[in-house]
Amino acid sequence: MSTTIDLGAFLRTRRSRLRPQDVALPDFGGRRRVAGLRREEIAQLAGVSVDYYIRMEQGRAPNPSSAVLDALARALRLDEDETRHLHRLGQPRPATRHTPRPRPGQQQVRPMLRRLLDELRDVPAMVMGRRMDVLAWNTAASALLGDYAALEPAERNIPRITFLDPASRDLFADWSTCARENVAYLRLEAGRHPDDPELAGLIGELSVKSADFRRWWAEHPVQDKTSGTKRFHHPLVGDLTLTYDTLRAADDPDQALITYTAEPHTPSHDALRMLLTWTTPTPTTATTPPSTVGPQHSHHT
């Protein structure tokens, strides 16, 4: 994945979504040939030369300064996630020989996250690793999201399941929203790890096999996975609205604990308790759960 090419594409998509009135520029009503602001308008707003900005969009201006990137972020009205992504693309960190990237399958769940997972018996929870791989989960997560143990380890990947398992479209009431969020987070990961061949392979596979992924990936969405709500249509208990939260160790952003909870005294809370009562009669925790736990439906987060 070339960061200079990605930088140019990212700038073009963000420029295309702005209108003159969004940035207090005069709009004389003339029809524009393409959507969004013109290159010279972004250059003017950022205080850089038009030629330099054009070269950035063409991938011919490596290593722009932090000041230039900050100016472009302000001109393009980027949010915090997008601004960090812009800096990663504009100033990629060189690979070091001292910390080679582990091969697939070597990533181990952090002890702290494993302990938390062990304690969360009545809360669906999982540990997500690099490339959105599912590294560990509890039986409550199996009950809600599906039996990850039925999948080969290489297939326990959230975007792969989202886009290639038809059952995920039934489980999520807002499937397209969930899917787009996964694309946005995967794009963020691509900015963090531009030289990861496994990540490039995953993106290539999804681009070939899913028209939805291919279309949304081309929009260059960027969004971290933090917290929010998801609406489920579960085959056993019907509709649930759950809040998800993401806990990440400050010294290891490559792993995150994701939990799903329901507001107390709501139908969703009652439905979730009923689901866990039906499917987890003996509370246990598993990084390789028994194949008998959890309904055989979609696997996702």
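Buried residues make up 50% of the 301 residues in the protein chain.

Tutor: Quick ground rules: this is a predicted model, where local features need pLDDT of at least 70, side-chain atom pairs count only at pLDDT 80 or more, and totals for chains, interfaces and linings use all residues. Residues are numbered from 1 along each chain as its sequence is written, and side-chain values use heavy atoms, leaving out hydrogens and water.

Student: What makes Met-132 count as buried?

Tutor: Buried means under 20% relative accessible area (exposed is over 50%, partly exposed in between; 1.4 Å probe, protein chains only). Met-132 has 0% relative accessibility, so Met-132 counts as buried. Met-132 lies in the loop between strand 1 and strand 2.

Student: Which residues is Met-132 in contact with, leaving aside its neighbours within four places in sequence?

Tutor: Contact means heavy atoms within 4.5 Å. Met-132 is in contact with Arg-156, Asn-157, Ile-158, Pro-159, Asn-182, Tyr-185 and Leu-186, leaving aside those neighbours within four places. Take Asn-182: Met-132 and Asn-182 are 50 residues apart in sequence and 8.6 Å apart in space, C-alpha to C-alpha.

Student: How do you know that strand 1 and strand 2 pair?

Tutor: Two strands pair if DSSP finds at least two bridges between them. Here 3 bridges join strand 1 (residues 125–128) to strand 2, and the two run antiparallel, so by the cut-off of at least two bridges they pair. Val-127 stands opposite Ala-136 in strand 2. The two strands form a hairpin with 5 residues between them, and Arg-131 in the turn has a positive phi of about 60°.

Student: Why is helix 3 called roughly perpendicular to helix 4?

Tutor: Angles of 65 to 115 degrees count as roughly perpendicular (under 35 is roughly parallel, over 145 roughly antiparallel, the rest oblique). The axes of helix 3 (residues 50–57) and helix 4 (residues 66–75) come within 13 Å and cross at roughly 85°. That makes helix 3 roughly perpendicular to helix 4.

Student: Which residues meet there, in helix 3 and helix 4?

Tutor: Tyr-52, Tyr-53 and Met-56 in helix 3 meet Val-68, Leu-69 and Leu-72 in helix 4. The residues of this contact divide into 6 nonpolar, no polar and no charged.

Student: And Asp-196, is that one buried or exposed?

Tutor: Asp-196 is at 3% relative accessibility, so Asp-196 counts as buried. Asp-196 sits in the loop between helix 10 (175–192) and helix 11 (197–209). A polar atom of the Asp-196 side chain lies 3.3 Å from the backbone nitrogen of Leu-199.

Methods:
Axes fitted to C-alpha atoms, helices over the stretch in contact; angles between N-to-C directions. Helix = DSSP H or I, 4+ residues; strand = E, 2+ residues; numbered from the N terminus. Nonpolar A, V, L, I, M, F, W, Y, C, P; charged D, E, K, R; others polar. Polar contact = N/O pair within 3.5 Å; in protein donor to acceptor, adjacent residues only side chain to side chain.
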